[in-house]
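Here are a few notes to read alongside the model. Have the viewer open as you go through the points.

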Amino acid sequence: MKETNGNNESGGNPKKGRLSGVMAQDLPSTPKQWAVNILVILLATMLYACALKVFTAPNQIAPGGVTGISTIINYLTGFPIGTVNLILNIPIAILGFIKLGRHFMIKTIIYLLSFSFFSDILFAGLPVYTNNRLVAAVFGGALMGCAIGLIMSRGGSTGGMDIVNKLIQRRLPHLKLGQVVLASDVVIVILSMLAYQDVEPGLFALITMFISSTALDKVLYGFNTCKFMYIIADDVPELGRRINQEMHRGATILESYGSYTNERRPTLMVAVRQSEYYRIKKIINQVDPMAFVIVTSATEVAGKGFTAGLPRS
């Protein structure tokens, strides 16, 4: 493998540039980092509780997970959402301690206790928004997604179905985690329709969950989606040179061979910003119109030429 000169890992400094593949919680924490993590989790929990109390719960929106179940129980019985959420999470947290590890669960328990306090006591008297359910669904989902993203970025979780889904996936590894999450959320949405005796709350819950997942991804991976390209062409060195000079991007040349012809066909690997994709496409067409190109979306590229690097927890 060899690299052309440039500013990013797919051509650039291979020690500094790297694709995001390491979760923050897997990195060691100093006492200062641990304190910062807990502070961020507490602030994010306040944001989540605020979204629930102001936007979703008053509008009969049960946004999936144990929080959604707690919202339904609150509507049917009047029991405080935070208390119900904490009670439902106790057996799940015990399982999590056994199966997922102490470090992960300590942060999750901090979230659960603080969420109960914020939602049932601190924010009990907050004014609620009930003028427009769609507005409530959008803003509630956006705030919840941002809060969950901040919590996850610090190595924690909101407990409940996050833990259950991970345990199910460990038990049944052939199931994709996304499928498990979707199935559990669909069940809760159906339960909300039955509890509220109306289809609309379930539909608005779906909107909230979609907005929430989108906001979560933006917090975790950023707004700058990049393109990751593999290019097999007749003149790969010339293609790499033009990318270096005209786009000020680096690229990595991989040694590869055709399985049918058994001929040596180098592959150029390069990561570019979304806005640069059509420029590099034009260069490829000029150098080799018959080039074979594979393009994928990279949720995050960290390193020189992109972001400053991956944060430590």
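Which residues form one aromatic cluster? They are Tyr48, Tyr111 and Phe115.

A word on the basis: this is a predicted model, in which local features need pLDDT of at least 70 and side-chain atom pairs count only at pLDDT 80 or more, while totals for chains, interfaces and linings use all residues. Residues are numbered from 1 along each chain as its sequence is written, and side-chain values use heavy atoms, leaving out hydrogens and water.

1. Aromatic pairs. The structure holds 10 aromatic pairs. Here, rings of Phe, Tyr and Trp (its six-membered ring) pair if their centres lie within 6.5 Å; planes under 30 degrees apart count as stacked, over 60 as edge-to-face and the rest as tilted. Phenylalanine 55 and tyrosine 129 make a tilted pair, because their ring centres are 6.1 Å apart and their planes stand at 55 degrees. This pair links distant parts of the chain, 74 residues apart: phenylalanine 55 is in helix α1 (residues 31-56) and tyrosine 129 in the loop between α4 (102-122) and α5 (133-153). Helices (H or I, at least four residues) and strands (E, at least two) are DSSP runs, numbered from the N terminus.

2. Burial of that pair. Phenylalanine 55 counts as buried at 14% relative accessibility, whereas tyrosine 129 is partly exposed at 23%. The cut-offs are under 20% relative accessible area for buried, over 50% for exposed, and partly exposed in between (1.4 Å probe, protein chains only).

3. Another pair to look at. Phenylalanine 228 and tyrosine 230 pair edge-to-face, 5.4 Å centre to centre with 90 degrees between the planes. Phenylalanine 228 is buried at 9%, and tyrosine 230 is partly exposed at 30%.

4. Helix α10. In this helix (residues 277-287), Tyr277, Ile280, Ile283 and Ile284 are buried. Seen down the axis, the buried residues of α10 fall within an arc of 125 degrees, so they line one face of the helix; the arc is that of the directions from the helix axis to the C-beta atoms. Tyr278 and Lys282 are exposed on the other side of α10. The buried residues pack against β3 (226-232), α9 (236-247), β5 (267-273) and β6 (292-298), where contact means heavy atoms within 4.5 Å.

5. Threonine 208. This residue is found in helix α8 (residues 200-221) and is buried, at a relative accessible area of 1%. Leaving aside residues up to four places away in sequence, threonine 208 touches Thr56, Ile61, Pro63, Ala137, Gly140 and Gly141.
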